[in-house]
Amino acid sequence: MTSPQGPSLNPPRPARLRLETTRAVPCREYDPQLWFAERPEPVELAKALCGACPLRRECLAGALERREPWGVWGGQLVLDGAIVARKRGRGRPRKDSAA
């Protein structure tokens, strides 16, 4: 991008979201800890709350790009930067346990 003074040092950015839109997202209306819960039930609730969020796709894409270590992002459970189907309860054996 260039200006009358020469090339811009800042690359163009996507259009900024209106403040009203960011206030209408579930993670701003509910307890933020819900998206980082230890138990499977609250995690499933957080995933469901994200269902109608207008920022769901951007949220998930950002989390995957940043390789978020854990949490619900864009309606998906992310662990170690990858989407997983569901959270396992504490104390359960690994799915691929060594025999």
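Arg66 is partly exposed, at 47% relative accessibility; the terms here are buried for under 20% relative accessible area, exposed for over 50%, and partly exposed in between, with a 1.4 Å probe and protein chains only. Its partner in a salt bridge is Glu68, with the closest N and O atoms 2.7 Å apart. By salt bridge I mean a side-chain nitrogen of Lys or Arg within 4 Å of a carboxyl oxygen of Asp or Glu. Glu68 is buried, with a relative accessible area of 17%.

A word on the source. This is a predicted model, in which local features need pLDDT of at least 70 and side-chain atom pairs count only at pLDDT 80 or more, while totals for chains, interfaces and linings use all residues. Residues are numbered from 1 along each chain as its sequence is written, and side-chain values use heavy atoms, with hydrogens and water left out.

How many salt bridges does the structure hold? There are three. Another one joins Arg39 and Glu41, at 3.6 Å between the closest N and O atoms. Arg39 is exposed at 53% relative accessible area, and Glu41 is exposed at 52%.

The remaining pair is Glu44 and Lys47, at 3.4 Å from N to O. Both sit in helix H3, residues 40–49, three residues apart, about one turn of the helix. Helices here are DSSP runs of H or I with at least four residues, strands are runs of E with at least two, and both are numbered from the N terminus. An α-helix has 3.6 residues a turn, so residues three or four places apart point the same way. Glu44 is partly exposed, at 36%, whereas Lys47 is buried, at 14%.

Now helix H4, residues 56–66. Which of its residues are buried? They are Leu60, Gly62 and Ala63. These cover an arc of only 165° around the axis, so they lie on the same side of H4; the arc is taken from the directions from the helix axis to the C-beta atoms. The face turned away from that side carries the exposed residues Arg57, Glu58 and Glu65. Among the elements covering the buried residues are strands E3 (70–73), E4 (76–79) and E5 (82–84). After H4 comes Arg67, with a positive phi near 55°.

Last, the core. The largest nonpolar core has eight residues: Leu34, Trp35, Ala37, Val43, Ala46, Cys50, Val72 and Leu77. Such a core is a set of buried Ala, Val, Leu, Ile, Met, Phe, Trp, Tyr and Cys residues joined through side-chain atoms within 4.5 Å. Leaving out residues up to four places away in sequence, Cys50 touches Pro26, Trp35, Arg56, Val72, Gly74 and Gly75, where contact means heavy atoms within 4.5 Å.
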